[in-house]
Amino acid sequence: MDKMKEITDRIIYATLSTVDGNGQPWNTPVWSLHDENYTYYWCSWTESQHSKNVRENGKVFIVIYDSSAWKGTGEGVYIKANASEVNDPEEIQLILGMRSKVKRSDRKIEEFQGDYPRRWYKAVPENIWLNDDGEVNGNFVDIRKEVTL
């Protein structure tokens, strides 16, 4: 759990995987925030492919990792989650409060509602894994170990 917290607190970009109604995968990096329960939040244009996919099918997979890590030293957090658009003004205000702690912010709730083009989205985890070293028949393999929250 300490390893997961260190990774997720240090890395601000998440790779978000979604699927459209035809089963076509889509993967995109997003600047993100997370709360103490590892619910992830990001802001995107409502017409971005991943935003459309979240509205159509809320199943997402998120990977948080340092892409500049030296070969064999990489660590990652893998999250299977249910995602949705955030429309509740109180929840948007909470997100904006979290955002202001890491990034200067004078945004208003109204900028993420109505005719404005961007929305906040959230992904609530179902399962979380960390990568680890494993062995099969004397050979190294990269394995996933599930984390219990």
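In this model, Lys 145 and Asp 132 form a salt bridge, with their closest N and O atoms 3.0 Å apart. The model is a predicted one. In total, the structure holds 13 salt bridges. The points below describe several of these pairs and then turn to the nonpolar cores.

**The pair Lys 145 and Asp 132**

- Lys 145 counts as partly exposed because its relative accessibility is 45%.
- Asp 132, at 25% relative accessibility, also counts as partly exposed.

**The pair Glu 85 and Arg 119**

- A salt bridge joins Glu 85 to Arg 119, and the closest N and O atoms are 3.7 Å apart.
- Glu 85 belongs to strand β6 and Arg 119 to strand β7, so this pair ties together parts that are 34 residues apart in sequence.
- Arg 119 is buried, its relative accessible area being 9%, whereas Glu 85 counts as partly exposed at 24% relative accessibility.
- Glu 85 and Arg 119 are also members of a network of salt bridges that links them with Glu 47, Lys 52 and Arg 55.

**The pair Arg 10 and Glu 6**

- The side chains of Arg 10 and Glu 6 meet in a salt bridge with an N to O distance of 2.6 Å.
- Both residues lie in helix α1, where they are 4 residues apart, or about one turn of the helix.
- Arg 10 counts as partly exposed, with a relative accessibility of 43%.
- Glu 6 likewise counts as partly exposed, with a relative accessibility of 36%.

**The nonpolar cores**

- The largest nonpolar core has 22 residues, and those with the most contacts inside it are Trp 42, Val 60, Ile 62, Ile 64, Val 77, Ile 79 and Ala 123.
- At least two residues of this core come from each of α1 (2–10), β1 (13–19), β4 (40–45), β5 (59–65), β6 (76–86) and β7 (118–136).
- A second, separate core has 10 residues, including Trp 31, Leu 33, Val 86 and Phe 112.
- Leaving aside residues up to four places away in sequence, Trp 42 touches a set of residues that includes Leu 16, Val 30, Trp 31, His 50, Val 54 and Ala 83.
- Trp 42 also touches Arg 119, Trp 120, Tyr 121, Lys 122 and Ala 123.

Notes. Residues numbered from 1 in each chain as written. Predicted model: local features only at pLDDT ≥ 70, side-chain atom pairs only at ≥ 80, totals over all residues. Heavy atoms only, no water. Core = buried A, V, L, I, M, F, W, Y, C linked by side-chain atoms within 4.5 Å. Buried < 20%, exposed > 50% of the residue type's maximum accessible area, 1.4 Å probe, protein only. Contact = heavy atoms within 4.5 Å. Salt bridge = Lys/Arg side-chain N within 4 Å of Asp/Glu carboxyl O.
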